[in-house]
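This briefing is meant to be read beside the sequence and the model shown below.

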Amino acid sequence: MQVNLLRRLRYVARLPVTWLVVVALVPIAVAYVRAVSHGWAPEGDDAVIADRMRAVLSWHPPLMGQRSTSILTEGANVPTHHLGPLEYYFGAPIAALFGFSGAGILLSVAIGNAIAAAGSIIVAFRLRALRTAIPVALAALLLEWSLGPEQLVRPLNVYVATLPMLLVLACAWALVDGDLSVLWLYAVSASFVAQSNLAFAPFVVGLTVALALLTLSRRLRHVRMSRLGHDRLRRAWQIASGVLFLVWLPSLLELVAYQPNNLQQLLKYRSQSTDVGASWPHALAYTLDRLSPLGFGRFHNTYRPAETGLAVVVGAVGALLLGLGAFAGSRRPRTAGSFACGVTLVAIPIEAWGLTHMAGFTVGYWLLPTLVIAAFGVAALLVRATELVPRRRLVTVLQRIPAVWRLGVSAVVAVVLAVLASVSAAAPSWGNESAARHASSVVTSYLRKHVQPSAPVAVQGSGIYSLSVDSAIGFQLGRQGFDTYYMLGWPVPEDTDKWHVDHAPPTHVSVVIAERTDGGKWSRERPDGAAQLDLGRFRDTDVRAWVKIPSIMAR
């Protein structure tokens with residue numbers, strides 16, 4: 001058994017696709033090492049996500065996704081959540097192995113992104129070997145460079161969907177090409193992306209509908225594309241259906257466990273909102289802008305419109321090239337490259353349609369799906385371009401180059417690309433995280449010395465800083481065994497009610513976060529008998545915590 005395992009491992013190590021995967025994973029590994037070396041700990045939404053991962057292993061596992069910003073939409077103010085909690089269930093086992101420490105949480109995200117990048121390359125390799133795998137590996141590196149090291153390992157629910165969206169496009173490409181064995185993988189990755197953030201949901205819905213219409217059209221025209229036999233095809237559909245049910249089970253249970261449920265709230269939001277999303281011309285301009293080399297670049301979490309009219313025009317030229325790659329010729333091409341161009345071409349109006357639904361509180365991550373489409377579009381054009389080169393001439397040229405030189409040049413290029421994607425990306429910004437980590441350390445150390453274990457603790461404050469630090473302190477106290485309440489109330493029932501500040505028992509330890517205002521006063525008054533903890537400075541603002549401990553809970 002051991003000999004066979006070693007033999008198989010040696011075989012896998014010799015495969016060219018293995019080394020492509022290794023190269024694509026270098027930026028993720030570098031990002032993880034940098035974050036762990038910095039001493040990263042979750043704050044803000046990251047801390048809430050980490051706590052909900054921890055809840056997966058409790059008697060009250062999560063049934064909802066993160067809170068969305070729909071409550072800030074003018075005219076609606078309807079509280080909703082993102083579509084599902086799949087991220088928490090995927091990340092919990094790995095994070096739990098490390099006690100839900102910062103390193104464990106980062107590792108759960110890094111492994112998830114590594115699986116998405118590797119899966120995209122392997123799916124592409126199954127199509128036409130290296131001819132399709134190399135461009136997808138380049139797309140993964142391009143996307144990793146655009147995201148930067150901070151976004152590659154942070155658990156924020158929008159960032160974790162980005163590389164899996166590349167896997168969704170790769171699976172869609174394989175399905176169009178007739179490889180229906182990836183149905184289950186498409187179901188999992190598309191569900192993960194859709195549940196993570198509503199910004200990705202319209203894209204997943206639109207792409208799935210497009211694939212369904214293509215399948216129906218082929219059946220009506222008696223076009224058989226699948227390479228699977230009847231029994232294997234039926235099994236593929238059964239597995240995909242079972243997997244689809246499992247990954248959506250928590251969201252289905254939420255429909256009956258809570259009233260009003262999230263689906264009702266989302267429909268109410270759409271009907272009551274007076275804000276509208278981007279118009280079709282603007283939405284298409286956003287998408288085309290990111291398709292062009294002038295608009296594609298490092299991701300910034302700011303809501304930027306199309307850079308210039310020239311960038312949109314260049315993006316339109318890119319869309320035209322994709323159209324030519326998909327359909328041009330005396331006969332419609334049916335190659336891997338033409339299918340990839342077709343998938344990208346369909347994805348562009350689908351994403352523009354999705355942007356027309358993004359209303360209200362504008363944020364930069366709404367445009368993240370356009371970066372994924374652009375990276376995949378580059379891979380599609382590269383595949384199609386190699387198909388247009390006469391195969392015999394290409395083989396003749398390669399045969400004239402010694403094998404050692406081919407291998408050496410390939411290795412050098414791969415190393416250079418991996419290093420560039422890791423080093424030249426935008427540097428991480430850890431300012432908020434460092435301040436929140438320091439505050440958490442100060443408060444946690446104090447309470448461990450002066451408060452009985454498992455005592456109820458309510459953490460609350462006012463101001464910008466408290467939005468980041470409340471959840472950071474609450475999460476770390478929860479890891480230490482305290483019964484913590486740190487989330488603001490929510491107008492409708494949700495599965496984090498047990499963490500709401502207003503649900504704390506009457507007798508509890510109170511931690512109040514206060515900031516010094518411009519006038520020199522503190523944002524919150526010091527309660528009588530409360531201890532004062534200096535938490536340092538946040539964006540040139542002094543921050544303190546007032547800690548009041550009931551005598552019955554004091555050590």
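Strand β4 (residues 531–538) pairs with β5 in the antiparallel sense over six bridges, where pairing requires that DSSP finds at least two bridges between two strands, and where helices (H or I, at least four residues) and strands (E, at least two) are DSSP runs numbered from the N terminus. This is a predicted model, in which local features need pLDDT of at least 70 and side-chain atom pairs count only at pLDDT 80 or more, while totals for chains, interfaces and linings use all residues. Residues are numbered from 1 along each chain as its sequence is written, and side-chain values use heavy atoms, with hydrogens and water left out.

**Strands**

**Salt bridges**

- A search of the whole structure finds 15 salt bridges, each defined as a side-chain nitrogen of Lys or Arg within 4 Å of a carboxyl oxygen of Asp or Glu.
- Arg 544 and Asp 534 meet through their side chains in a salt bridge (2.9 Å, N to O); because Arg 544 lies in strand β5 and Asp 534 in strand β4, the pair ties together parts that are 10 residues apart in sequence.
- Asp 534 counts as partly exposed at 47% relative accessibility, on a scale where buried means under 20% relative accessible area, exposed means over 50%, and partly exposed lies in between (1.4 Å probe, protein chains only).
- Arg 67 and Glu 494 form a salt bridge between their side chains (2.5 Å, N to O), and this pair links distant parts of the chain, 427 residues apart, with Arg 67 in the loop between α3 and α4 (86–97) and Glu 494 in the loop between β2 (483–485) and β3.
- Of these two partners, Arg 67 is partly exposed at 25% relative accessible area, whereas Glu 494 is buried at 2%.
- Arg 54 forms a salt bridge with Asp 51, the closest N and O atoms being 2.8 Å apart, and both residues lie in helix α3 (residues 45–55), three residues apart, about one turn of the helix.
- Here Arg 54 is partly exposed at 26% relative accessibility, while Asp 51 is buried at 1%.
- Asp 46, Glu 150 and Arg 154 are linked in a network of salt bridges.

**Nonpolar cores**

- The largest nonpolar core has 112 residues, and those with the most contacts inside it are Ile 121, Trp 173, Tyr 186, Phe 203, Leu 207 and Leu 368; such a core is a set of buried Ala, Val, Leu, Ile, Met, Phe, Trp, Tyr and Cys residues joined through side-chain atoms within 4.5 Å.
- Helix α7 (residues 162–177) gives the largest share of this core, 13 residues.
- A second, separate core of 29 residues includes Val 451, Ile 473, Trp 499 and Ala 545.

**His 450**

- His 450 is found in helix α18 (residues 431–450) and is partly exposed, with a relative accessible area of 33%.
- Not counting residues up to four places away in sequence, His 450 touches Ile 549, Met 553, Ala 554 and Arg 555, contact meaning heavy atoms within 4.5 Å.
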